[in-house]
Amino acid sequence: MGGVVGKSESPKKACTSETKLDAKLVGVMQQRATQGTSMKSFDSIILKFPKIDESLRNCKTTFQLFDEDSNGAIDQEEMKKCFHKLGISFTEEDMNDFFKACDFNEDKGIKFNEFIVLLCLVYLLKEDQATLHTKLKSAMPNLEATFETLVDAFVFLDKNKDGYVSRSEMVEAINETTSGERSSGRIAMRRFEEMDWDKNGMVNFKEFLFAFTRWVGIDEMDEEEEGGCGS
């Protein structure tokens with residue numbers, strides 16, 4: 001796991017109460033957990049990083065298309081247009097909830113790594129998924145398979161199938177991979193702290209997704225591009 005190092009900074013927001021969207025997501029993950037997982041170890045997740053990384057980065061063109069003012073972030077109106085073009089219909093309240101859920105730094109804009117999380121949440125929570133899946137396949141090939149891999153990884157970590165990953169579950173997952181190594185507990189805690197951004201001792205799928213974009217370096221790519229634009 002040496003090359004998989006996440007950033008230590010936490011987003012500005014530290015939510016302590018579960019939103020309606022969070023509750024729906026927990027329910028979906030509980031249901032997915034009943035289907036089992038193909039992941040056998042944390043190492044098996046790590047081995048999929050390169051393919052996941054490539055698939056997510058291929059979404060950059062679509063993100064730039066929806067970022068109409070090219071400021072590096074999608075605002076709420078641009079997000080609504082994005083939903084419309086992808087054939088995604090939600091109530092005004094639901095769209096507001098999605099925006100708040102994915103604007104993790106509360107800067108009134110969804111950056112590329114947050115956009116990936118937004119698409120995954122929509123993918124999982126959209127009730128009428130047939131049209132959405134067709135649109136996603138057309139705009140962003142392989143994205144569905146990538147999202148399913150991320151769901152599979154979370155289900156592997158969620159040992160008790162309650163829709164959350166706890167510290168003890170993270171330790172168990174790491175120990176299954178690095179049994180006998182004294183450092184395994186420290187590794188597990190470091191990974192858990194990178195995911196548990198609201199510091200409530202439990203990680204939901206949304207937090208896992210944000211951590212994952214950092215593990216594969218998606219947010220670093222954004223920062224490099226922003227720095228390049230200003231030079």
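Student: In which helix do Arg190 and Glu194 lie, and how many residues apart are they?

Tutor: Arg190 and Glu194 both belong to helix 11 (residues 184-195), where they stand four residues apart, about one turn of the helix. Helices are DSSP runs of H or I with at least four residues, strands are runs of E with at least two, and both are numbered from the N terminus. Before we go on, note that this is a predicted model, in which local features need pLDDT of at least 70 and side-chain atom pairs count only at pLDDT 80 or more, while totals for chains, interfaces and linings use all residues. Residues are numbered from 1 along each chain as its sequence is written, and side-chain values use heavy atoms, with hydrogens and water left out.

Student: What makes the contact of Arg190 and Glu194 a salt bridge?

Tutor: A salt bridge requires a side-chain nitrogen of Lys or Arg within 4 Å of a carboxyl oxygen of Asp or Glu. The side chains of Arg190 and Glu194 meet at 3.8 Å, N to O, and therefore form a salt bridge. The structure holds eight salt bridges.

Student: Why is Glu194 called buried, and why is Arg190 called partly exposed?

Tutor: Buried means under 20% relative accessible area, exposed means over 50%, and partly exposed lies in between, with a 1.4 Å probe and protein chains only. Glu194 has 8% relative accessibility and therefore counts as buried, whereas Arg190, at 44%, counts as partly exposed.

Student: What is the distance between the closest N and O atoms of Glu68 and Lys81, and where do the two residues lie?

Tutor: The closest N and O atoms of Glu68 and Lys81 are 3.2 Å apart, and the pair forms a salt bridge. Glu68 sits in the loop between helix 4 (60-66) and helix 5 (76-85), while Lys81 is in helix 5, 13 residues apart, and the pair links distant parts of the chain. Glu68 counts as partly exposed because its relative accessibility is 44%, and Lys81 counts as partly exposed because its value is 41%.

Student: Which residues are linked with Glu77 and Lys80 in a network of salt bridges?

Tutor: Glu92 is linked with Glu77 and Lys80 in that network. The side chains of Glu77 and Lys80 meet in a salt bridge at 3.6 Å, N to O, and because these two residues are three residues apart in helix 5, about one helical turn separates them.

Student: How do you know that helix 1 and helix 9 are roughly perpendicular?

Tutor: The axes of helix 1 (residues 20-33) and helix 9 (residues 143-157) come within 10 Å and cross at roughly 80 degrees. Axes are lines fitted to C-alpha atoms, for helices over the stretch in contact, and angles run from 0 to 180 degrees between N-to-C directions. Angles under 35 degrees count as roughly parallel, over 145 as roughly antiparallel, 65 to 115 as roughly perpendicular and the rest as oblique. Helix 1 and helix 9 are therefore roughly perpendicular to each other.

Student: Which residues of helix 1 and helix 9 meet?

Tutor: Met29, Arg32 and Ala33 in helix 1 meet Glu148, Val151, Phe154 and Val155 in helix 9, where contact means heavy atoms within 4.5 Å. The residues of this contact divide into five nonpolar, no polar and two charged; Ala, Val, Leu, Ile, Met, Phe, Trp, Tyr, Cys and Pro count as nonpolar, Asp, Glu, Lys and Arg as charged, and the others, Gly among them, as polar.

Student: Why is Ala33 called buried?

Tutor: Ala33 has a relative accessible area of 1% and is therefore buried. Not counting residues up to four places away in sequence, Ala33 touches Val155 and Lys161.

Student: What makes Phe83 and Phe98 an edge-to-face aromatic pair?

Tutor: Among the 19 aromatic pairs found in the whole structure, Phe83 and Phe98 lie 6.1 Å apart, centre to centre, with 80 degrees between the planes. Rings of Phe, Tyr and Trp (its six-membered ring) pair if their centres lie within 6.5 Å, and planes under 30 degrees apart count as stacked, over 60 as edge-to-face and the rest as tilted. The pair of Phe83 and Phe98 is therefore edge-to-face. Phe83 lies in helix 5 and Phe98 in helix 6 (residues 92-102), so the pair ties together parts that are 15 residues apart in sequence.
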